[in-house]
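Please look over the chain below.

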Amino acid sequence: MTEEAIEKENAAITKAYKELLKVSYTALSDDDKKLIRSAFDVAIDGHKNQRRKSGEAYIFHPLAVAKIVAQEIGLDATSIAAALLHDVVEDSPDYTIENIEKKFGKTIATIVDGLTKISSLSKEQDMDVSLQAENFRKMLLTLNDDVRVIIIKIADRLHNMQTMDAMRADKQIKIASETLYIYAPLAHRIGLYNIKTELEDLGLKYTEPDVYYDILNKTKESKEEQDKYIEQFSEVIKNSLNKENLNYTIKGRPKSIFSIRKKMVKQGVPFDEVYDKFAIRIIYKSDAENEKFLAWKIYSIVTDHFRPNPIRLRDWISSPKGTGYEALHITVMGPKGRWVEVQIRSERMNEIAEKGYAAHYKYKQDTEKEDNLETWINRLQEALENPETNAVDFVEQFKLNLYSKEIFVFTPAGELKSLPKGATALDFAFSIHTEVGMKTRGAKVNAKLVPLSHELKSGDQVDILTSENAKPNANWLDYATTARSRSKIKSALKEDKKRIGEEGKEILRRKLKQLKITLNEDSVNELVNHFKLKTSLDLFYRVGLGTIDNAMLKSYAASRSNALMSYIKSKISRKPNIKKEDLEKDEVTAKYDSLVFGKEEEKLDYKLSNCCNPIPGDDVFGFLTVTEGIKVHKKNCPNALSLQSNYAYRIMIAKWIDSSQQEFSAQIILTGIDHIGLVNDITKIISENMHVNMKSISFDSDDGIFSGKINVVVKNKTLLIKLLDRLKKINGIEKVTRV
């Protein structure tokens with residue numbers, strides 16, 4: 001670099017540092033500024049020889065993370081200093097945790113140590129479990145040290161997502177999938193709603209770029225119209241609000257690209273038919289005493305002018321969310337006959353909604369309410385420390401509980417308990433105490449006896465009946481929905497299974513001896529494969545229960561040599577050089593020879609996954625399974641995020657190269673208003689298209705509403721899209737979707 005360039009870069013670093021001090025949410029004392037300056041000097045020294053992939057000096061990254069922590073999350077000087085230092089120990093041999101503790105004290109050292117541990121996790125190599133799931137689980141263990149470790153990690157991830165353009169495409173997809181799968185829900189749970197929204201939008205930008213930019217451009221085009229609509233809405237209620245001498249502001253908030261996409265997919269509609277693309281927020285000034293009263297007063301004024309939707313009222317003021325979020329949400333019929341969501345919040349509530357943890361603790365001293373975040377962390381800790389839980393199962397369950405909506409139920413003594421929406425009576429038992437859950441034999445809801453699978457609703461009063469003789473059984477997993485209850489039940493069942501398995505192993509040893517077969521690692525592997533099981537414990541357990549009997553073991557012994565061959569074949573998941581004549585031998589494989597894998601574009605053996613049924617033209621990727629070779633999934637498959645996040649090392653690049661000779665099945669769903677000749681119009685369009693064959697067709701009409709299913713065979717996605725477009729143009733057809 002030239003001297004001029006170095007000077008320019010140093011000026012930019014100084015400017016970024018001054019900006020950091022200027023935008024801090026908390027007021028910084030002189031001591032705070034000294035602490036931050038000292039951390040900045042150490043970060044400058046620790047990263048002096050480092051550059052990011054984009055070419056800029058590495059110090060810009062910790063500065064940006066510290067700015068997010070200071071401005072958007074609103075943490076104190078301790079956290080800002082820790083954010084500046086978060087990569088120093090990992091990246092510089094000159095600094096250790098001991099050095100940091102000596103210079104900055106125990107608290108900052110603990111946070112930096114937690115962040116260093118998280119970073120070093122990704123370098124571990126263990127191919128038996130999902131690296132990402134195990135790492136994430138270990139990362140959450142740092143919550144016990146200091147919740148700020150996770151918050152700074154979320155800020156770190158946000159900045160990495162904002163500056164990911166210089167990375168390789170496969171890296172971008174892995175990081176973006178991981179972000180959508182774990183970091184966005186985690187930000188939501190901690191109450192960092194603004195950051196959660198940005199992480200989701202950036203995640204979509206890299207996992208589905210075409211969709212992201214399409215919605216982004218359409219949102220920009222419709223912004224002027226939205227601003228006009230918000231102005232129109234505000235004008236109607238301003239006079240009434242002013243008459244009550246309320247001090248308020250009205251803002252329009254556009255829905256995020258990610259949430260618009262979610263609505264499009266859920267409702268099966270295009271962008272233009274998503275009507276609630278924005279929400280209107282009324283933020284009012286109030287003292288603590290009148291906060292609730294004024295919220296309902298504003299509600300009354302809004303509903304005097306606009307008709308409310310009675311089933312869309314959300315009162316999170318009387319019962320705040322587990323994240324600490326408080327607000328009144330109503331959906332009203334606004335001008336031009338559009339449903340509009342109105343969010344009513346005091347300035348304090350708005351601060352908690354935008355800053356989450358930081359504002360929550362700023363106001364904590366003024367309230368005696370139970371601290372939901374701390375309760376959540378304590379419960380999470382129990383689940384984390386259970387060594388029996390499989391890492392991927394844990395992450396799946398944890399993620400479900402992060403995003404779940406809440407219900408509020410009462411104990412017999414009238415104590416209020418918060419549970420995820422969909423929770424059952426059995427979940428409630430485990431939420432009281434593990435021992436209560438384990439000994440549950442029944443439940444009463446509102447004084448009536450109900451099954452353990454009974455789904456609870458807000459306002460229910462639940463009484464758990466226990467017995468010393470009761471114990472969990474496998475059916476309980478069908479009744480339980482929360483991570484806490486499921487992990488406890490699985491642990492109990494696993495202990496039971498282990499005991500039966502140990503007995504089964506001895507029985508199997510005796511029975512195999514009679515068949516002149518020794519029980520060793522090879523014979524166990526053969527048996528596991530022969531009976532299509534997953535583990536040796538599954539085998540021993542079934543023998544212990546008697547579901548694998550003498551006759552079945554004799555059948556295994558007779559076909560032992562064949563079983564060995566099939567076991568070897570099942571482990572060969574890739575065939576690097578498949579000849580055309582080999583493909584023609586296998587009818588299924590021959591159908592799909594137009595898909596290639598990896599940078600070298602090899603033709604490999606594979607299967608199409610049933611969860612998303614890809615067809616030629618779809619964006620796809622390959623996933624290397626343990627026993628079934630390569631399975632091909634669509635990039636927007638419901639399981640894609642989980643696979644790309646948890647098993648990134650098994651993902652293979654895949655693409656279609658020629659689909660002219662193949663045919664694939666697809667199902668089309670049609671709905672609309674029935675009229676004479678409608679079925680004829682539909683079949684005529686399909687039969688006119690030479691490249692589409694109709695396999696089956698079924699129609700139903702109920703009170704003038706028409707619905708139909710058509711199974712067709714097409715050569716590629718382009719032909720299917722053309723067919724869908726033509727069907728949409730038929731008079732009376734309202735919606736046409738591919739399943």
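Helix H19 (residues 425–432) is largely enclosed by the rest of the structure, because 7 of its 8 residues are buried. Those buried residues are Ala425, Leu426, Asp427, Phe428, Ala429, Phe430 and Ser431. Buried here means under 20% relative accessible area, exposed means over 50%, and partly exposed lies in between (1.4 Å probe, protein chains only). Helices (H or I, at least four residues) and strands (E, at least two) are DSSP runs, numbered from the N terminus.

This is a predicted model, in which local features need pLDDT of at least 70, side-chain atom pairs count only at pLDDT 80 or more, and totals for chains, interfaces and linings use all residues. Residues are numbered from 1 along each chain as its sequence is written, and side-chain values use heavy atoms, with hydrogens and water left out.

Now the whole chain. It has 31 helices and 20 strands. Of its 739 residues, 47% are buried. Contact means heavy atoms within 4.5 Å. Among contacts with a separation of 6 or more, 67% join residues 24 or more positions apart.

Next, a helix pair. Helix H30 (residues 678–688) packs with helix H31 (residues 717–728) at an angle of about 150°, and their axes lie 10 Å apart. Axes are lines fitted to C-alpha atoms, for helices over the stretch in contact, and angles run from 0 to 180 degrees between N-to-C directions. H30 and H31 are therefore roughly antiparallel, a term for angles over 145 degrees. From H30, Ile682, Ile685, Ile686 and Glu688 meet Leu723, Arg726 and Leu727 of H31. By class, this contact has 5 nonpolar, no polar and 2 charged residues. Nonpolar covers Ala, Val, Leu, Ile, Met, Phe, Trp, Tyr, Cys and Pro; charged covers Asp, Glu, Lys and Arg; the others, Gly among them, are polar.

Salt bridges come next. One is counted when a side-chain nitrogen of Lys or Arg is within 4 Å of a carboxyl oxygen of Asp or Glu. The count comes to 24 salt bridges. The table gives some examples.

| Salt bridge | N to O distance |
|---|---|
| Asp170 and Arg168 | 3.0 Å |
| Lys297 and Glu244 | 3.0 Å |
| Asp538 and Lys497 | 2.6 Å |

Lys297 is partly exposed at 25% relative accessible area. Glu244 is also partly exposed, at 37%.

Asp538 is buried, with a relative accessible area of 13%. Lys497, at 22%, counts as partly exposed. Elsewhere, salt bridges that share partners join Arg157, Lys174 and Glu178 into one network. Asp170, from the table, is partly exposed at 38%.

Last, the backbone. Which residue in the loop between H12 and S1 is in question here? Asn245 is found there. Asn245 has a positive phi of about 55°, although it is not a glycine. At 71% relative accessibility, Asn245 is exposed. Asn613 has a positive phi of about 45° and is not a glycine either. Its place is the loop between strand S13 (606–608) and strand S14 (620–624). Asn613 is partly exposed, at 46% relative accessible area.

Methods
Angles under 35 degrees count as roughly parallel, over 145 as roughly antiparallel, 65 to 115 as roughly perpendicular and the rest as oblique.
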